[in-house]
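User: I would like a close look at one part of this model. Please take me through it step by step, in short sentences.

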Amino acid sequence: MTAVVLVTLVAAFALAIAQNEKLDWGVFWQNLTAADVMAGLVVTIQLTVVSMTAGILLGMLLAVARLSTNRVLQSLSAAYVWFFRGVPLLVQILVWGNFALLFPRLGIGIPFTDIMFVSVGTNVVLTSFVASCVALALHEAAYMAEVVRGGILGVDSGQSEAASALGMTNRQSMRRIVLPQAMRIILPPTGNQLITLFKSSSLVTVIAGQDLMTVVTGIGATTYRVMESLFVGTFWYLVIVSVLMIGQRFLEKRAGRGQRR
């Protein structure tokens, strides 16, 4: 009975949206596959791929540092995670997008002196795309560090002891024994992080990142059809997230082969 009520309510809401006289669905269909929208979608995907790749790599390094016996590495890793998880992503994007206000020029030289070998304008290096990637990657690395650390801790300590008994170094044990087994634990939350990052990339619109959200909000501002433009963005976000969810499910099945539920 509950399912029938819920389905009825969802259908009623969808019908109300479809028949709403204040919505011009012609504008929606016209912009759904427009060149600017497709270009914005490509930028959003590029932001996600670049930032997630960098976030995973940096997160793995941070996780290993956090689990090391070196107190300095432990402290630095913990401080990184604390800072980048504590500062809202929107603030980080704004800081990197306006980094030229702090340092108008970037260069290579001798520290603590005025001697510079190479110098270039900050805005030339930190374009809106690069600034977006840096902010998203640094933010994502903090979360991936905890995901990887949790996966490593989920592997029985006896595995490392057995590797040591076979003469493996800590690095070899981590690379050949621990990390492959930890992947079964790491994959599900990593998939969730990828989906979250894909949606969070819409925040780069505050620095004109030329992503999908930047494009659809620009269309809404020029055509005064805000809702129709937002529905275009919603459609493509749902499509890509659906594809990512299917891929996540496939990888989880592959990684969990031979394991009892």
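What is the handedness of the crossing where H4 passes H7?

Analyst: Start with a caution: this is a predicted model. Now to the crossing. H4 passes H7 in a left-handed crossing.

Next, the geometry. Two packed helices are described by the angle between their axes and the distance between the axes. Take H4, which covers residues 71–86, together with H7. Their axes come within 8 Å. They cross at roughly 125°. H4 and H7 are therefore oblique to each other.

Now look at H7 itself. H7 has 26 residues. From its first C-alpha to its last, H7 reaches 38 Å. That is close to the 38 Å expected at 1.5 Å a residue. Yet H7 has a kink of about 25°. The kink is centred on Ala 142.

H7 also meets H3. Helix H3 spans residues 35–67, and H7 spans residues 128–153. The axes of H3 and H7 come within 5 Å. The two cross at roughly 45°. That angle makes H3 oblique to H7. The crossing of H3 and H7 is right-handed, whereas H4 passes H7 in a left-handed one.

What sits in the contact of H3 with H7? By class, there are 22 nonpolar residues, 5 polar ones and 4 charged ones.

Further along the chain, turn to H9. This helix runs over 170–200. Leu 179 is found in H9. Leu 179 is buried, with a relative accessible area of 17%. Buried means under 20%, so 17% qualifies. The C-alpha atoms of Leu 179 and Asp 156 are separated by 12 Å. Along the chain, these two residues are 23 apart.

Finish with the loop between H9 and H10, where H10 covers 212–223. Most residues other than glycine have a negative phi. Ala 208 lies in this loop. Its phi is positive, about 55°, although Ala 208 is not a glycine. Gln 210 is found in the loop between H9 and H10 too. The phi of Gln 210 is near 60°, again a positive value in a residue other than glycine.

Notes. Residues numbered from 1 in each chain as written. Predicted model: local features only at pLDDT ≥ 70, side-chain atom pairs only at ≥ 80, totals over all residues. Heavy atoms only, no water. Axes fitted to C-alpha atoms, helices over the stretch in contact; angles between N-to-C directions. Helix = DSSP H or I, 4+ residues; strand = E, 2+ residues; numbered from the N terminus. Parallel < 35°, antiparallel > 145°, perpendicular 65-115°, else oblique. Left-handed = near helix turned anticlockwise from the far one by under 90°. Nonpolar A, V, L, I, M, F, W, Y, C, P; charged D, E, K, R; others polar. Expected span 1.5 Å × (residues − 1). Bend = angle between axes of the 7 residues up to and from the residue. Buried < 20%, exposed > 50% of the residue type's maximum accessible area, 1.4 Å probe, protein only.
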